Amino acid sequence: MGAGQSTSQTQLPARALHVLRVTPSSPASQTDIEPFFDFVVGFEGNALSPDNQLDVNLLERIVDAHEGKTLRLLVWSSKNKLTRVIPIIPSRKWSLQVDDTKELDLNIRPSLLGLSMRVCEPETATDNVWHVLDVIEGSPAESAGLVPMGDWILGWSGGVLSAENDFYDLVEAHVDKPLRVYVYSHDFDAIREVVLIPNRHWGGEGLLGCVFGYGLLHRIPPQPEDRIPGTVPPELSEAGRDYEDHELFVPADMQPELHHNREQQLWEWHRQQYGHNPQSRRSSHESHHSSTDQTHGDSRPVSRRHTEHKDKNHTPGPVLVNN
């Protein structure tokens, strides 16, 4: 198993299986299948139907028939618009490793591939993303580690989101509760899981203290062709050399005691003026945005503040297919 061989794709199916999650220790985790960006479009040896549709039922039967044998899946990537062949051996052994304290339910069929997928249109499936534009100091977004300009919200633990307002409704439905979202870093070309805890008592405006962009101008840009996934971008590695440790300059004729006293006085003055360490002080006005939960996909700031919901347990998005 491992990385597959890339091939050209001239005819993209109107429907495909969008990979949402790759389960750790599963057969799929031993390959280079990537959540969110990859789509299973078939298997080697089959042809698309006359109406250019993926036969999901046929694919499921093929996976079952190849248990313990190598199956060559056709996987299309939305990053490079190419289809590659992924060798994988479907197996249930990996999911049968349960704790001794738990009883195995014989009515549940373990997954053969370890993939969570949904049927969708691959051409538009990756359009619904939220670009992190700004993060306010001390906010829940900063505590979760969101990076302004470099991060995109892809979805959450319940699946993908199908409309712009779905994300904001999801945030308001999780006030003071953990919300697990999947975040893509364009700088490192990697996806990570982030836990957000929206709340109104962090000291600023909004539930997250974060400005998002949505729409055509805020979609994920392509990576350079020579970029290796997971590596540090050249511009970041070169910039790191300029941030070497520098010691504070002290004139030679200044007595150590006098320098220490002046430093303590300056520290105390900052504490009285601002109430915290001067090194951690950051003006809340350095951002030109007036609201901390906005969307700028159509160049129109929108403040998301709702007082009621139809159903807080509602999960937008299609039904998942587990294989």
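Residues are numbered from 1 along each chain as its sequence is written, and side-chain values use heavy atoms, with hydrogens and water left out. Because the model is predicted, local features need pLDDT of at least 70 and side-chain atom pairs count only at pLDDT 80 or more, while totals for chains, interfaces and linings use all residues.

The protein chain contains five helices and 13 strands (DSSP runs numbered from the N terminus; helices are H or I of at least four residues, strands are E of at least two). Of its 323 residues, 40% count as buried (under 20% relative accessible area; exposed is over 50%, partly exposed in between; 1.4 Å probe, protein chains only). Among contacts between residues at least 6 apart in sequence, 69% join residues at least 24 apart (contact: heavy atoms within 4.5 Å).

In helix 3 (residues 164-172), the buried residues are Asp166, Phe167, Tyr168, Leu170, Val171 and Glu172. These buried residues pack against strand 7 (130-135), strand 8 (151-156), strand 10 (179-185) and strand 12 (210-213).

Two cavities of 30 Å³ or more are present in the structure (on a 1 Å grid over the protein atoms alone, sets of points where a 1.4 Å probe fits but cannot get out; lining residues have an atom within 4 Å of a point). The second largest cavity has a volume of about 40 Å³ (the space filled by probe spheres set on the points, with grid points joined across faces, edges and corners). Helix 1 (56-65) and strand 6 (115-120) are the elements that give two or more residues to its lining. The lining consists of Val40, Leu59, Val63, Leu73, Leu113, Leu115, Met117 and Asn323. Seven of these residues are nonpolar, one is polar and none is charged (nonpolar: Ala, Val, Leu, Ile, Met, Phe, Trp, Tyr, Cys and Pro; charged: Asp, Glu, Lys and Arg; polar: the others, Gly among them).

Arg84 lies in strand 5 (residues 83-88) and counts as buried because its relative accessibility is 10%. The side chain of Arg84 makes a polar contact with that of Asp38, at 2.5 Å (a pair of N or O atoms within 3.5 Å; within protein, one must be able to donate a hydrogen and the other to accept it, and residues adjacent in sequence count only if both atoms are side-chain atoms).

Asp32 is located in the loop between strand 2 (16-22) and strand 3 (38-43). With a relative accessible area of 32%, Asp32 is partly exposed. The C-alpha atoms of Asp32 and Ile86 are separated by 8.0 Å, although the two residues are 54 residues apart along the chain.

Definitions and conventions:
On a 1 Å grid over the protein atoms alone, a cavity is a set of points where a 1.4 Å probe fits but cannot get out, and a pocket is an open set with protein on both sides within 12 Å along at least five of seven lines; lining residues have an atom within 4 Å of a point.
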